[in-house]
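Subject: Handover of a structure, with notes

Dear colleague,

I am passing the structure below on to you, together with some notes on what was found in it. Please keep it open beside this message while you read.

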Amino acid sequence: MVKILVCDRIDEDGIKTLRSIGETEVAIGLPKDELLKKIQNVDAVVVRSATKVTADLINAAQKLKVIARAGVGVDNIDVPAATRKGILVINAPDSSSIAVAEHVIGLMLALTRKIAISNMSLKSGKWEKGKFLGVELSGKLLGIIGLGRIGTQVALRAKALGLRVAAFDPYVTEKAAEELGIKLVDLETLLKESDIITIHVPLTPETKYLIGEKQLSLMKSNAFLINTSRGGVVNEKALCIALKGKKIAGAALDVFEAEPPIENPLLELENVVVTPHIGGSTEEAQRSAAMAVASEIINVLQGKPVRNVVNMPIIDPETLRKLEPFLPLAEKLGRFATQLSEGRITEVHITYCGELVNIEQLNLLTSTLLKGLLDRILTQPINVINAPFVAKSRGIKVIESKTEVVDHFPNEVILKVKAEKTEIEVKGTLLGKEPRVISIDEYKIDLPLDGRIVLVSHLDRPGMIGKIASVFGEHSINIATMQVGRKEPGGIQLMVLKIDHPMSEPALKALKHVDGIKDVDVAEMEV
Ligand code: NAD
């Protein structure tokens with residue numbers, strides 16, 4: 001009989017489901033020494049956020065196969081320690097989407113009908129009927145930034161309230177949006193035209209301060225902003241200035257740059273509605289998380305496929321020894337190509353060449369490459385187990401092939417990525433232990449895959465190199481290395497630069513304006 005230990009309070013239905021397959025003990029708030037003893041003999045452990053599943057607990061376990069987090073974040077679990085011991089870590093990333101979407105609708109009404117502020121006024125003994133004139137939602141335009149799980153649920157609910165819906169999400173196709181009856185627009189149009197804007201993107205280097213002074217200045221003066229995604233996607237300082245200056249009508253925030261928000265001036269403003277990061281906190285979301293992990297635990301213990309795995313699979317040691325050196329190459333090629341692609345990725349073609357064809361389980365390299373390709377753009381933790389599943393569920397066609405034919409190196413990986421607006425081919429190899437790109441769209445180069453990389457395609461004519469270098473100089477960006485490749489004289493050249501400082505927006509803009517430059521791409525290779 002399998003043994004399951006539930007360490008934090010989870011919904012009763014989840015526990016009932018677990019009891020159907022094994023001896024399930026619910027032991028909440030156990031002291032560490034008792035937990036250390038109990039974990040030795042269990043097959044599965046379930047936690048929420050209170051119990052810290054540390055390396056010493058994991059190392060004490062003798063038959064543990066799975067650690068389940070009944071929720072999204074796994075910060076309280078030492079995932080690398082679990083991975084080292086071949087223990088799966090699973091979570092329930094879908095469970096709170098409806099809860100957050102409903103919270104957004106609540107915040108929307110609280111803002112437009114001044115519910116929070118009028119509640120405070122009446123409770124303080126005032127009857128300010130004339131002060132709280134609201135606006136109706138019906139017919140207004142809702143702009144959704146990030147049309148993923150939560151964004152989609154918000155859209156469905158908003159339409160039922162008579163709102164028109166537009167969305168900005170560079171990784172979603174027109175067709176997928178059309179099926180939801182949503183118009184995809186660029187960020188600038190969304191900011192300029194929406195009456196209410198709601199944000200549902202993950203916090204990544206790309207989305208940090210996605211909404212700052214410039215974006216707020218594009219919004220209508222009677223528009224509202226709602227953020228239930230992550231603090232840091234909105235620049236709070238800029239938001240505070242915009243709200244104080246009545247540049248926008250109001251904002252609702254469930255998430256903050258620092259949580260809890262202490263001495264945050266936004267909390268003082270009348271036109272701001274705040275909640276303490278409770279978007280996902282509903283009984284149903286907790287039940288759904290408990291049920292999801294319970295059924296996933298059953299799958300793990302019965303050897304069936306599992307959907308939401310956070311860490312790596314177990315693989316036979318000999319194959320892993322052969323594959324391991326190529327894992328960073330695969331992940332970095334994916335991370336590089338995704339940053340050179342524009343629009344939603346639709347097709348990925350991977351060709352393994354030369355010595356690689358003789359290695360088993362190349363699908364681990366494919367999964368690792370997909371992980372690199374996807375994890376900059378999604379909230380859910382992407383790993384080698386769930387990457388192919390996530391790619392499929394986002395409509396990305398993945399084609400793998402092998403050939404013994406190589407160009408120059410004993411092993412080569414060719415990655416072709418088709419996206420809605422671009423099509424790119426990068427070829428990489430492992431030089432010693434170092435992943436390198438050896439060609440981009442048939443331009444021969446030699447590029448270690450690290451640091452900050454800028455690709456500039458420009459007309460092959462005298463003076464271009466100087467013009468480009470001077471833009472970097474004028475913006476105090478130091479060029480570490482520079483190489484130029486071309487296919488034929490007088491055509492298009494590809495310049496590849498490594499830079500020591502982050503590429504700033506003004507520098508990027510200036511570069512794009514240089515006469516003769518066709519395109520500029522920037523790739524940050526560090527996670
Ligand atoms: P998701 O991964 O399903 O969707 C994210 C979407 O953002 C994707 O469609 C992706 O294509 C898009 N995206 C990525 N980068 C973008 C960019 N630069 N511009 C526009 N779109 C971009 O995530 P989700 O489950 O819908 O979660 C959305 C957010 O909500 C996350 O930040 C998550 O942490 C947060 N969240 C908050 C709570 C809460 O309690 N307030 C609860 C759960 C989730």
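Predicted model: local features only at pLDDT ≥ 70, side-chain atom pairs only at ≥ 80, totals over all residues.

Residues are numbered from 1 along each chain as its sequence is written, and side-chain values use heavy atoms, with hydrogens and water left out.

The protein chain holds 18 helices and 22 strands, where helices (H or I, at least four residues) and strands (E, at least two) are DSSP runs numbered from the N terminus. Its radius of gyration is 26 Å, close to the 24 Å that the globule rule gives for 527 residues, so the chain is as compact as a globular protein of that length; the radius is taken over C-alpha atoms, and the rule is 2.2 Å times the number of residues to the power 0.38. Along the principal axes, the C-alpha atoms fill a box of roughly 80 × 65 × 40 Å. Of the 527 residues, 51% count as buried, meaning under 20% relative accessible area, with exposed set at over 50% and partly exposed in between (1.4 Å probe, protein chains only). Among contacts (heavy atoms within 4.5 Å) between residues at least 6 apart in sequence, 65% join residues at least 24 apart.

Helix α12 (residues 283-301) has 19 residues and reaches 27 Å from its first C-alpha to its last, close to the 27 Å expected at 1.5 Å a residue, the expected span being 1.5 Å times one less than the number of residues. Its buried residues include Ala285, Ala289, Val293 and Ile297, and what covers the buried residues of α12 includes β1 (2-6), α1 (12-19) and α5 (97-112). The helix is followed by Gly303, whose phi is positive, near 70°.

In helix α7 (residues 149-160) you will find Gln153, which, leaving aside its neighbours within four places in sequence, is in contact with Ser97, Ile98 and Ala101. The C-alpha atoms of Gln153 and Ser97 are separated by 7.0 Å, although the two are 56 residues apart along the chain.

Strands β20 (residues 479-486) and β21 (residues 492-499) run antiparallel and are joined by seven bridges, where pairing requires that DSSP finds at least two bridges between two strands. Val484 stands opposite Met495 in β21, and in this hairpin, which has five residues between the strands, Gly490 takes a positive phi near 80°.

Most residues other than glycine have a negative phi, and most peptide bonds are trans. Against that background, His277, in the loop between β12 and α12, has a positive phi near 50° and is partly exposed, with a relative accessible area of 33%. Glu442, in the loop between β17 (434-440) and β18 (443-448), has a positive phi of about 70° and is exposed, with a relative accessible area of 57%. A cis peptide bond, with omega about -5°, joins Glu259 and Pro260, and Pro260 lies in the loop between β11 (250-253) and β12 (272-274).
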